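The sequence and structure are shown below.

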Amino acid sequence: MVVGGTRGIGLAIAELLAAQGAGVVVNGRDPGAAHAAAERISGVAHAGSPADPAVADALIEACVREFGRIDILINCAGTAEPMGSSILSVSSAEFNQLLGAHLSTVFETCRAAAPRMVAQGNGAIVNTSSFAFLGDYGGTGYPAGKGAVNGLTLAIAAELKEFGVRANVVCPGAKTRLSTGAEYEQHIASLNRRGMLDDVSMQGALDAAPPEYVAPTYGYLVSDLAKDVTGRVFIAAGGFVGEFARPAPGFLGYRDHHTAGPWAVDELHGIISGA
């Protein structure tokens, strides 16, 4: 099952999996695009927004009905944050819509697929996040949703590991309809001028490789070669493959609460600022 598999990165992944002999169900919100993509890879189309629990259930049922099981779930759906959107301008409705497009879609499809995979004793989930979860590209609902996808995926990986089900994240960088056009270029240049995006990152964002360069990382993570790889957050951008290290606390200061009182504000300033 490739959610968001009708265009861009999702379509490149669906094409790669089909070329490797997988039976693929392609999902997208536009029925015409879903059927065109499915025809292109000799797969099965199932349109709709998986943020709707009923649609997510129907997607997994369609895969099981067509192929007998659900071995692979890839979430590649998403929508760009409106240009210039920030905490200073976003509405509650816009924020919740962005969370739904990213986090709710991942949650609902994983919720629907996980019991099937556990019953089979194996399965591979790959969810799509973004470098944007670091906040470097600004925005609100987009980085919040992608950061939440990371946390949810790590939790799924920990919970399902004993059942033989793997879950990983890919933060892709590729030229798609969401990362092209004059508006996008102006947005990236603006982030650079404001000091939010360094020169190297700006150049990478403006000169990204096509989706075909990203798809193999997804293909590897759902293959038997990656049977021991789970709970990790990878980067795939052009010829670059990397990994975000698992966050771990660094030491700043310690006192035993059994023998000492709470830190004073000025003491905290000293250990946090290094003064």
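## Ends of helix α3

Just past the end of α3, glycine 68 adopts a positive phi of about 90 degrees. The model is predicted, and this backbone angle is a computed value like the others given here.

At the N-terminal end, α3 is capped by aspartate 52. One of the side-chain oxygens of aspartate 52 sits 2.9 Å from the backbone nitrogen of alanine 54.

## Length and buried residues

Helix α3 runs over residues 53-67, 15 residues in total. From first C-alpha to last it reaches 21 Å, close to the 21 Å expected at 1.5 Å a residue.

Which residues of α3 are buried? They are Val55, Ala56, Leu59, Ile60, Ala62, Cys63 and Val64. An α-helix has 3.6 residues a turn, so residues three or four places apart point the same way.

## Crossing of α3 and α4

The axes of α3 and α4 come within 8 Å of each other and cross at roughly 40 degrees. Angles under 35 degrees would count as roughly parallel and those from 65 to 115 as roughly perpendicular, so α3 is oblique to α4. The crossing of the two helices is right-handed.

On the α3 side, the contact is made by Pro53, Ala56, Asp57, Ile60, Glu61 and Val64. On the α4 side, it is made by Glu108, Thr109, Arg111, Ala112, Ala113 and Arg116. Ala56, Ile60 and Val64 are listed among the buried residues of α3, and these three residues also take part in the contact with α4.

## Threonine 6

Threonine 6 belongs to the loop between β1 and α1 (8-19). Is this residue buried or exposed? Its relative accessible area is 12%, and the cut-off for buried is under 20%, so threonine 6 counts as buried.

Neighbours within four places in sequence aside, threonine 6 is in contact with Leu11, Val26, Asn27, Gly28, Ala33, Ala34 and Ala37.

## Alanine 18

Alanine 18 is part of helix α1. With a relative accessible area of 21%, alanine 18 is partly exposed.

Not counting residues up to four places away in sequence, alanine 18 touches Val24 and Ile41. Alanine 18 and arginine 40 are separated by 22 residues in sequence, and their C-alpha atoms lie 9.9 Å apart.

Methods. Residues are numbered from 1 along each chain as its sequence is written. This is a predicted model: local features need pLDDT of at least 70, side-chain atom pairs count only at pLDDT 80 or more; totals for chains, interfaces and linings use all residues. Side-chain values use heavy atoms; hydrogens and water are left out. Helices (H or I, at least four residues) and strands (E, at least two) are DSSP runs, numbered from the N terminus. The expected span of a helix is 1.5 Å times one less than its number of residues. Buried means under 20% relative accessible area, exposed over 50%, partly exposed in between (1.4 Å probe, protein chains only). A polar contact is a pair of N or O atoms within 3.5 Å; within protein, one must be able to donate a hydrogen and the other to accept it, and residues adjacent in sequence count only if both atoms are side-chain atoms. Axes are lines fitted to C-alpha atoms, for helices over the stretch in contact, and angles run from 0 to 180 degrees between N-to-C directions. Angles under 35 degrees count as roughly parallel, over 145 as roughly antiparallel, 65 to 115 as roughly perpendicular and the rest as oblique. A crossing is left-handed if the near helix is turned anticlockwise from the far one by less than a right angle, and right-handed if clockwise. Contact means heavy atoms within 4.5 Å.
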